[in-house]
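Subject: Structure for you to look at

Hello,

Here is the structure I promised to pass on. Please open it beside this message; my notes follow below.

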Amino acid sequence: WNSEYGDLQPVQTKEDLQTLKFFDETTTRDNDRYTVSIPFKEDRNSLPSNFGLARGQLNGTLCRLSKDPALLYEYNEIIRQQLDSGVLEEAPPRNDGHLHYLPHHPITKEESITTKTRIVINCSAKASKTDKSLNDCVHQGPDLLPHLTGINIRSRIRQFVVSGDVEKAFHQIIIAEEDRDYVRILWIRDFQKPFSNENLIALRFARVLFGLKTSPFILLAVLRKHLMEFH
(Lines give C-alpha, C1' and ligand atoms only; values in the text may rest on other atoms or scores of the structure.)
Protein backbone atom coordinates (compact mmCIF):
# COMPACT_ATOMS: atom_id res chain seq x y z
CA TRP A 1 0.00 0.00 0.00
CA ASN A 2 2.77 2.47 0.81
CA SER A 3 4.56 1.96 -2.49
CA GLU A 4 1.34 2.25 -4.47
CA TYR A 5 0.20 5.46 -2.77
CA GLY A 6 3.32 7.52 -2.26
CA ASP A 7 1.80 10.35 -0.25
CA LEU A 8 -0.20 8.27 2.21
CA GLN A 9 0.39 8.31 5.92
CA PRO A 10 2.80 5.42 6.63
CA VAL A 11 1.01 2.16 7.42
CA GLN A 12 3.24 0.69 10.08
CA THR A 13 1.22 -1.04 12.77
CA LYS A 14 0.50 -4.73 12.60
CA GLU A 15 -3.20 -4.04 13.18
CA ASP A 16 -3.37 -1.65 10.22
CA LEU A 17 -1.60 -4.11 7.95
CA GLN A 18 -3.97 -6.90 9.01
CA THR A 19 -6.97 -4.64 8.33
CA LEU A 20 -5.66 -3.78 4.86
CA LYS A 21 -5.05 -7.44 4.09
CA PHE A 22 -8.54 -8.33 5.32
CA PHE A 23 -10.03 -5.64 3.07
CA ASP A 24 -8.12 -6.91 0.03
CA GLU A 25 -9.15 -10.52 0.64
CA THR A 26 -12.84 -9.92 1.33
CA THR A 27 -13.88 -7.00 -0.88
CA THR A 28 -15.70 -7.87 -4.09
CA ARG A 29 -17.34 -5.93 -6.92
CA ASP A 30 -20.58 -6.91 -8.62
CA ASN A 31 -23.19 -4.94 -10.57
CA ASP A 32 -21.25 -1.68 -10.24
CA ARG A 33 -21.13 -1.80 -6.43
CA TYR A 34 -18.51 -2.97 -3.99
CA THR A 35 -19.31 -5.37 -1.16
CA VAL A 36 -17.20 -5.19 1.99
CA SER A 37 -16.93 -7.13 5.24
CA ILE A 38 -16.67 -5.41 8.60
CA PRO A 39 -13.15 -5.90 10.04
CA PHE A 40 -13.98 -7.34 13.44
CA LYS A 41 -11.20 -7.59 16.02
CA GLU A 42 -12.50 -10.80 17.49
CA ASP A 43 -15.40 -13.17 17.28
CA ARG A 44 -18.36 -10.96 16.42
CA ASN A 45 -20.67 -13.38 18.22
CA SER A 46 -19.27 -12.09 21.53
CA LEU A 47 -21.25 -8.87 21.05
CA PRO A 48 -24.34 -8.57 23.26
CA SER A 49 -27.66 -8.12 21.47
CA ASN A 50 -28.31 -4.65 22.99
CA PHE A 51 -32.02 -5.21 22.30
CA GLY A 52 -33.18 -3.84 25.66
CA LEU A 53 -30.95 -0.77 25.31
CA ALA A 54 -32.08 -0.09 21.74
CA ARG A 55 -35.75 -0.59 22.68
CA GLY A 56 -35.53 1.73 25.67
CA GLN A 57 -33.77 4.47 23.75
CA LEU A 58 -36.24 4.15 20.87
CA ASN A 59 -39.09 4.68 23.33
CA GLY A 60 -37.37 7.83 24.59
CA THR A 61 -36.68 9.07 21.06
CA LEU A 62 -40.32 8.56 20.06
CA CYS A 63 -41.49 10.44 23.15
CA ARG A 64 -39.36 13.42 22.10
CA LEU A 65 -40.38 13.18 18.45
CA SER A 66 -44.08 12.97 19.37
CA LYS A 67 -43.85 16.53 20.67
CA ASP A 68 -43.01 17.67 17.13
CA PRO A 69 -45.24 15.81 14.64
CA ALA A 70 -43.47 17.34 11.64
CA LEU A 71 -40.10 16.08 12.88
CA LEU A 72 -41.54 12.63 13.61
CA TYR A 73 -42.94 12.48 10.07
CA GLU A 74 -39.57 13.59 8.61
CA TYR A 75 -37.68 11.01 10.68
CA ASN A 76 -39.99 8.26 9.52
CA GLU A 77 -39.59 9.45 5.92
CA ILE A 78 -35.80 9.18 6.17
CA ILE A 79 -36.09 5.57 7.33
CA ARG A 80 -38.67 4.80 4.64
CA GLN A 81 -36.43 6.30 1.94
CA GLN A 82 -33.48 4.27 3.18
CA LEU A 83 -35.61 1.14 3.00
CA ASP A 84 -36.73 2.00 -0.54
CA SER A 85 -33.15 2.68 -1.68
CA GLY A 86 -31.69 -0.48 -0.13
CA VAL A 87 -29.65 1.23 2.58
CA LEU A 88 -31.84 -0.52 5.16
CA GLU A 89 -33.74 -3.78 4.88
CA GLU A 90 -36.13 -5.66 7.13
CA ALA A 91 -34.15 -8.03 9.34
CA PRO A 92 -35.08 -11.72 9.14
CA PRO A 93 -36.02 -13.61 12.32
CA ARG A 94 -33.00 -14.91 14.20
CA ASN A 95 -33.01 -16.80 17.48
CA ASP A 96 -29.35 -17.83 17.92
CA GLY A 97 -28.37 -14.55 19.61
CA HIS A 98 -25.83 -13.67 16.91
CA LEU A 99 -27.02 -10.11 16.41
CA HIS A 100 -26.53 -6.60 17.73
CA TYR A 101 -28.89 -3.61 17.90
CA LEU A 102 -27.79 0.01 17.67
CA PRO A 103 -29.66 2.94 19.26
CA HIS A 104 -30.38 5.98 17.11
CA HIS A 105 -31.71 9.50 17.47
CA PRO A 106 -32.22 12.62 15.33
CA ILE A 107 -30.00 15.64 15.05
CA THR A 108 -31.37 18.77 13.43
CA LYS A 109 -29.51 21.68 11.85
CA GLU A 110 -31.90 24.38 10.78
CA GLU A 111 -29.10 26.28 9.02
CA SER A 112 -28.33 23.33 6.74
CA ILE A 113 -29.25 23.94 3.10
CA THR A 114 -29.49 20.28 2.08
CA THR A 115 -30.36 17.99 5.01
CA LYS A 116 -31.85 19.59 8.10
CA THR A 117 -32.50 16.30 9.94
CA ARG A 118 -30.10 13.37 10.16
CA ILE A 119 -30.26 10.03 11.91
CA VAL A 120 -27.36 9.44 14.29
CA ILE A 121 -26.48 5.76 14.79
CA ASN A 122 -24.73 5.16 18.11
CA CYS A 123 -22.20 2.40 17.40
CA SER A 124 -20.50 3.10 20.74
CA ALA A 125 -23.56 2.28 22.85
CA LYS A 126 -23.08 -0.20 25.71
CA ALA A 127 -25.80 -1.91 27.70
CA SER A 128 -23.49 -1.91 30.75
CA LYS A 129 -19.98 -0.87 31.73
CA THR A 130 -18.74 -4.43 31.30
CA ASP A 131 -20.26 -4.91 27.85
CA LYS A 132 -18.54 -4.05 24.59
CA SER A 133 -19.89 -1.75 21.93
CA LEU A 134 -19.74 -2.41 18.21
CA ASN A 135 -16.98 0.19 17.83
CA ASP A 136 -14.99 -1.60 20.54
CA CYS A 137 -15.01 -4.76 18.42
CA VAL A 138 -13.94 -3.46 15.01
CA HIS A 139 -10.62 -2.30 13.62
CA GLN A 140 -10.58 1.39 12.75
CA GLY A 141 -8.18 0.87 9.88
CA PRO A 142 -5.30 3.13 8.82
CA ASP A 143 -5.65 6.75 7.76
CA LEU A 144 -5.72 6.63 3.94
CA LEU A 145 -6.13 10.34 3.41
CA PRO A 146 -3.33 11.70 1.20
CA HIS A 147 -1.14 14.49 2.53
CA LEU A 148 -2.52 17.96 1.85
CA THR A 149 0.94 19.04 0.66
CA GLY A 150 0.89 16.43 -2.09
CA ILE A 151 -2.59 17.48 -3.17
CA ASN A 152 -1.53 21.13 -3.40
CA ILE A 153 1.59 20.32 -5.43
CA ARG A 154 -0.26 18.09 -7.91
CA SER A 155 -2.97 20.71 -8.36
CA ARG A 156 -0.31 23.11 -9.66
CA ILE A 157 1.33 20.70 -12.11
CA ARG A 158 -1.57 20.16 -14.52
CA GLN A 159 -3.56 22.69 -16.49
CA PHE A 160 -6.92 21.57 -15.10
CA VAL A 161 -8.04 20.42 -11.66
CA VAL A 162 -11.12 18.23 -11.32
CA SER A 163 -12.95 17.95 -8.00
CA GLY A 164 -15.99 15.83 -7.25
CA ASP A 165 -18.27 14.64 -4.50
CA VAL A 166 -19.91 11.23 -4.18
CA GLU A 167 -23.46 11.66 -2.93
CA LYS A 168 -24.05 9.72 0.30
CA ALA A 169 -20.78 7.91 -0.32
CA PHE A 170 -20.99 5.46 2.61
CA HIS A 171 -24.39 4.30 1.40
CA GLN A 172 -23.01 3.35 -2.03
CA ILE A 173 -21.04 0.45 -0.51
CA ILE A 174 -22.75 -2.85 0.33
CA ILE A 175 -22.20 -4.67 3.64
CA ALA A 176 -21.63 -8.41 3.29
CA GLU A 177 -24.72 -10.45 4.13
CA GLU A 178 -23.08 -12.26 7.05
CA ASP A 179 -22.31 -8.98 8.86
CA ARG A 180 -25.68 -7.25 8.56
CA ASP A 181 -27.25 -8.68 11.71
CA TYR A 182 -24.62 -6.85 13.77
CA VAL A 183 -25.83 -3.47 12.50
CA ARG A 184 -29.53 -3.75 13.35
CA ILE A 185 -31.83 -0.97 14.50
CA LEU A 186 -35.38 -0.88 15.82
CA TRP A 187 -38.19 1.24 14.44
CA ILE A 188 -41.99 1.15 14.41
CA ARG A 189 -44.20 -0.19 11.64
CA ASP A 190 -46.72 2.65 11.93
CA PHE A 191 -45.40 5.91 13.36
CA GLN A 192 -48.96 7.10 13.96
CA LYS A 193 -49.65 4.26 16.39
CA PRO A 194 -48.40 4.00 20.01
CA PHE A 195 -45.09 2.43 20.87
CA SER A 196 -45.56 -1.29 21.60
CA ASN A 197 -43.90 -4.63 20.95
CA GLU A 198 -46.48 -5.34 18.25
CA ASN A 199 -45.57 -2.11 16.49
CA LEU A 200 -41.81 -2.76 16.60
CA ILE A 201 -39.89 -3.73 13.49
CA ALA A 202 -36.27 -4.89 13.27
CA LEU A 203 -34.25 -3.39 10.43
CA ARG A 204 -30.61 -3.82 9.48
CA PHE A 205 -28.13 -1.90 7.39
CA ALA A 206 -27.28 -3.36 4.00
CA ARG A 207 -24.92 -0.47 3.22
CA VAL A 208 -22.01 1.05 5.12
CA LEU A 209 -23.31 3.30 7.89
CA PHE A 210 -22.32 6.55 9.52
CA GLY A 211 -21.10 6.15 13.10
CA LEU A 212 -19.14 2.93 12.59
CA LYS A 213 -15.53 3.86 13.25
CA THR A 214 -14.17 1.75 10.39
CA SER A 215 -16.47 3.35 7.78
CA PRO A 216 -14.07 6.19 6.77
CA PHE A 217 -11.30 3.64 6.15
CA ILE A 218 -13.65 1.41 4.14
CA LEU A 219 -14.79 4.30 1.96
CA LEU A 220 -11.27 5.48 1.14
CA ALA A 221 -10.03 1.93 0.58
CA VAL A 222 -12.89 1.29 -1.87
CA LEU A 223 -12.24 4.57 -3.71
CA ARG A 224 -8.53 3.79 -4.09
CA LYS A 225 -9.24 0.22 -5.18
CA HIS A 226 -11.66 1.50 -7.81
CA LEU A 227 -9.28 4.17 -9.09
CA MET A 228 -6.45 1.65 -9.36
CA GLU A 229 -8.58 -0.70 -11.43
CA PHE A 230 -10.22 1.91 -13.67
CA HIS A 231 -7.73 4.77 -13.92
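Contact here means heavy atoms within 4.5 Å. Keep that cut-off in mind for the helix pair described below. One caution: this is a predicted model.

**Overall layout**

The chain has five helices and eight strands. Read from the N terminus, the order of elements is α-β-β-α-α-β-β-β-α-β-β-β-α. Along the principal axes, the C-alpha atoms fill a box of roughly 60 × 40 × 35 Å. The chain holds 231 residues, and 40% of them are buried. Take the contacts between residues at least 6 apart in sequence: 74% of these join residues at least 24 apart.

**H1 and H5**

Two packed helices are described by the angle between their axes and the distance between the axes. For helix H1 (residues 14-26) and helix H5 (residues 215-230), the angle is about 55° and the axes are 11 Å apart. The two helices are therefore oblique to each other. The crossing of H1 past H5 is right-handed.

Which residues meet? From H1 come Thr-19, Leu-20 and Phe-23. From H5 come Phe-217, Ile-218, Ala-221, Val-222 and Lys-225. By class, this contact has six nonpolar residues, one polar and one charged.

H5 itself has 16 residues. Its first and last C-alpha atoms are 22 Å apart, close to the 22 Å expected at 1.5 Å a residue. Buried in H5 are Ser-215, Phe-217, Ile-218, Leu-219, Ala-221, Val-222 and Arg-224. These buried residues pack against H1, and also against strand E2 (33-36).

**H3**

Helix H3 covers residues 69-85. Its 17 residues should span 24 Å at 1.5 Å a residue, and the end C-alpha atoms are 24 Å apart, which agrees.

What is buried in H3? The list is Leu-71, Leu-72, Tyr-75, Asn-76, Glu-77, Ile-78, Ile-79 and Gln-82. An α-helix has 3.6 residues a turn, so residues three or four places apart point the same way. Look down the helix with that in mind.

Where do the buried residues of H3 pack? One partner is a helix, H2 (51-65). The others are strands: E3 (88-90), E4 (104-108), E5 (117-121), E7 (184-188) and E8 (200-205). Just after H3, Gly-86 takes a positive phi of about 90°.

Best wishes

Note on methods. Residues are numbered from 1 along each chain as its sequence is written. This is a predicted model: local features need pLDDT of at least 70, side-chain atom pairs count only at pLDDT 80 or more; totals for chains, interfaces and linings use all residues. Side-chain values use heavy atoms; hydrogens and water are left out. Axes are lines fitted to C-alpha atoms, for helices over the stretch in contact, and angles run from 0 to 180 degrees between N-to-C directions. Helices (H or I, at least four residues) and strands (E, at least two) are DSSP runs, numbered from the N terminus. Angles under 35 degrees count as roughly parallel, over 145 as roughly antiparallel, 65 to 115 as roughly perpendicular and the rest as oblique. A crossing is left-handed if the near helix is turned anticlockwise from the far one by less than a right angle, and right-handed if clockwise. Ala, Val, Leu, Ile, Met, Phe, Trp, Tyr, Cys and Pro count as nonpolar, Asp, Glu, Lys and Arg as charged, and the others, Gly among them, as polar. The expected span of a helix is 1.5 Å times one less than its number of residues. Buried means under 20% relative accessible area, exposed over 50%, partly exposed in between (1.4 Å probe, protein chains only).
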